[in-house]
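Me: Please examine the following model and answer a few questions about its architecture.

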Amino acid sequence: MSSRDGSAGGAAATARWTGMRGLAQVPSYVILQPTTLCNLDCAYCYLPFRAADRRMPVEVAAAVAATVNKWAERAPRYSVVWHGGEPLTAGRAGLAALMAPFRGVEHHVQTNATLIDDDWCDFFTAHGVRVGVSIDGPSDLTGQRVDRGGRPAYDRIMRGIAALRRRAIPFAALCVVTEPRPGLAVRLYDFFLELGCYALGINVEEHEGVNTRSTAYPEQSVRAFWAELAGAWRAAPRIELREIEWALRYAGATLAGAADELLPRQHDPVPTIGYDGRVVLLSPELAGFTDPGYGDFASGNVRETPLYEIVAAAAAHPGGWVAEYLAGVEACRTSCPYFGFCGGAHAANRYFEHGRFDGTETDHCRNSKIRLLEGVLDHAGAN
Ligand code: SF4
């Protein structure tokens, strides 16, 4: 395995971040699942119950808001992210009722855009909702986004995005890339420049949840993809491009001897509140799954315990899989030259790839952390 032998190794190895990281007592945002249902059935989706319409009762949202409203009072901005399933399948009246108990927060939806029309645009405007859409590029590259009849969703997605553009509602885009390879990045970046999004996140497909497809892609292909994307972005940096900007920031900080300052000193617990009130910390992808050894991964239920108590208890006394994950992050810190850039990546990827949380390298971190940094440095070295 040559992941530590690449051109990034020298720069990454200079990071000297030390000190065990625990969980923060206050998350920087929360994720809520208004429904498990999705009207699409994308080939790479990880969600277990996307064909079932299990809806969040208002009492669950109200219990979350009782804590979140206090957190929001003390923060300049506080985000509540509605993420399903497809959150718009909860309907405008349903979402409005769930949002009603919240005060002083910024609402976000991550949507497949297929249901967006003028009425939804009115809703977004009236509720100040920030919109993120999921689309994977031109029609052939978005071909894995299909409905339950196997029909491509691309035209419906583009109609929804056209409605946003017509109404001048800003939107970010999230793009899943299967098999990153040279030639793909420029095509993708040109597409998103045309699409009109203000920000773009690139998620290399992940082996997690009910998606068990292999994501062990060829190292050189993935690295060349990221290098090409860095070049495309630097030629026309009109979109906030999450991964490339973070990698360049890290590389710049490393050269300035300040990389140690970039990683937060504590893990953001990022609570995901499932439709039924169960709270899963750190990785929303674990919500809805159960394991004979780890149970349902929940740290509590807001119907029984205030959210702030659930998060505080996990931060003070991390147990079970959370403690195992923190041990895994420590193993990364002592063994991986990319740790200063990556910070240990995500709990769900460890679980779904290794079956436990204290392993280190995963296909996810190779594709989306190690190869990313290597590719961006390849680009910088060649220019
Ligand atoms: S998750 Fe992977 S890239 Fe990140 S620190 Fe651990 S081994 Fe390194």
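Predicted model: local features only at pLDDT ≥ 70, side-chain atom pairs only at ≥ 80, totals over all residues.

Reply: Residues are numbered from 1 along each chain as its sequence is written.

Me: Which element gives the most to the shell around the ligand?

Reply: The ligand is surrounded by residues including Cys332, Tyr338, Glu361 and Lys369, a residue being near if its C-beta atom, placed from the backbone, lies within 6 Å. Two or more shell residues come from each of α11 (339-342) and α13 (363-382), helices being DSSP runs of H or I with at least four residues and strands runs of E with at least two, numbered from the N terminus. With 3 residues, the most is given by α13.

Me: Which are the edge strands of the sheet?

Reply: The open sheet has 10 strands in the order β7-β6-β5-β4-β3-β2-β1-β8-β9-β10, with mixed pairing; two strands pair if DSSP finds at least two bridges between them. Pairing on one side only marks the edge strands, β7 (240-241) and β10 (300-301).

Me: How is α8 oriented relative to α13, roughly perpendicular or roughly parallel?

Reply: The axes, lines fitted to C-alpha atoms over the stretch in contact, come within 10 Å and cross at roughly 70° for α8 (residues 242-255) and α13. Angles of 65 to 115 degrees count as roughly perpendicular and those under 35 as roughly parallel. Therefore α8 relative to α13 is roughly perpendicular.

Note on methods
Axes fitted to C-alpha atoms, helices over the stretch in contact; angles between N-to-C directions. Parallel < 35°, antiparallel > 145°, perpendicular 65-115°, else oblique.
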